[in-house]
Amino acid sequence: MSNKWTQNDIPDLTSKVVVITGANSGLGLESTKALAAEGATVVMACRNLNKAEMAADATRKAIPNAQLAVMALDMANLASVHTFAADFTATYDRLDILMNNAGVMATPQMTTQDGFELQLGTNHLGHYALTGLLIDTLLATPNSRIVNVSSGAADGAKIRFDDLMFSDEYSRFEAYGQSKLANLLFTVELQKRLAENKAPTLAVAAHPGVTSSNLVSSMRMPVPGITTLAKLLTRLMFPDTATGALSQVRAAVDSSVKGGEYYGPDKGMRGWPVQVAMPDAVNAADAARLWEISADLTGVHFL
Ligand SMILES: NC(=O)c1ccc[n+]([C@@H]2O[C@H](COP(=O)([O-])OP(=O)(O)OC[C@H]3O[C@@H](n4cnc5c(N)ncnc54)[C@H](OP(=O)(O)O)[C@@H]3O)[C@@H](O)[C@H]2O)c1
């Protein structure tokens, strides 16, 4: 008997409510399909409503019973995060799974609406704030979970506590690694605080290995054709996005998952989802320090 964890292992999710950030593309869209196919209501939280409605329509064609709602959310704008959280909580009284998935990778040096370095702001600070603004609904929902989508790029990365926004010597890839390490430190501190509050809500992390998605587009490479070539090579060499999404889907629904765990492909960059080790750079002191900074920067204080 195979011990691979696949789509067939997803339990019935009827009556569950899921929020997925960046649900119109890549891993977010595949997670949407996987969870909606088992009966979950999925709120697709996206910055581009046209793209999101098109992705939702295509998903409804493939999965006729899919319960999907599209809502506007720009992770690079704290005002949008507040508006989304207010709209969501006005509409739904439960939140079973918050999948913090949206991301950009190795962008040119840019800032969010609030002046944060774009990758830290989008990939970590926006999700920190979103989680804080939805925490009451999560805590009120039995056995709820928060899944933070990180990356193998967190391995070997560090948090530049003395220059978090890379005002000096910006490096696209170091800033991406920092933001993805931040996702893991956030998971650790969030789980610690949930446990201290005796909350049954779990905080877990996942990474997909490598899979062909639109992520390379966010690099905005100046040479024409590079992005297309990178996507083509990734598609030829690595698993499809649906397989890549299984780690974050497992982290979201497998009943054997425990708070603070990290899921990824069993062969590192590819494979079937298993529990994997956190990188060495993940430690309790940095997790606590980053939490305090995130609270100060976003103005969202919780737990
Ligand atoms: N693909 C991989 O091999 C890989 C490897 C490791 C980790 N990851 C992680 O997986 C996650 C998903 O990436 P993906 O590979 O599926 O890439 P993708 O296809 O480019 O999807 C990224 C999603 O995030 C959204 N997004 C970006 N900035 C946003 C913002 N400011 N507000 C709201 N949504 C925003 C994008 O929206 P638009 O469509 O509007 O741009 C898109 O829906 C990311 O966190 C990434 O770091 C991916």
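The structure is a predicted model, in which local features need pLDDT of at least 70 and side-chain atom pairs count only at pLDDT 80 or more, whereas totals for chains, interfaces and linings use all residues. Residues are numbered from 1 along each chain as its sequence is written.

An open sheet of 8 strands has the order 3-2-1-4-5-6-7-8, with mixed pairing; here strands (E, at least two residues) and helices (H or I, at least four residues) are DSSP runs numbered from the N terminus, and two strands pair if DSSP finds at least two bridges between them. Because strand 3 and strand 8 (273–276) stand at the edges with a single partner strand each, one side of each is left without a neighbour in the sheet.

Strand 2 (residues 41–46) is largely enclosed by the rest of the structure, because 6 of its 6 residues are buried, a residue being buried if 20 or more other C-beta atoms, placed from the backbone, lie within 10 Å of its own. Thr-41, Val-43 and Ala-45 cover one side of this strand, and Val-42, Met-44 and Cys-46 are buried on the other. Strand 2 runs parallel to strand 1 (residues 17–21), to which 5 bridges join it, and Val-42 is the bridge partner of Val-18. Strand 2 is also joined by 6 bridges to strand 3 (residues 67–72), again in parallel, with Ala-69 of strand 3 as the bridge partner of Val-43.

Strand 1, helix 1 (residues 26–36) and strand 2 make a right-handed β-α-β unit, where right-handed means that, with the strands pointing away from the viewer, the path from the first strand over the helix to the second runs clockwise. The chain then crosses from strand 2 through helix 2 (residues 49–62) to strand 3, and this β-α-β crossover is right-handed.

Around the ligand there are 31 residues, of which the closest are Gly-22, Gly-26, Gly-103, Ser-151 and Ser-213; a residue is counted as near if its C-beta atom, placed from the backbone, lies within 6 Å. Helix 1 and helix 4 (118–139) are the elements that give two or more residues to this shell, and the largest share, 3 residues, comes from helix 1.

Note on methods. Buried ≥ 20, exposed ≤ 12 C-beta atoms within 10 Å, placed from the backbone.
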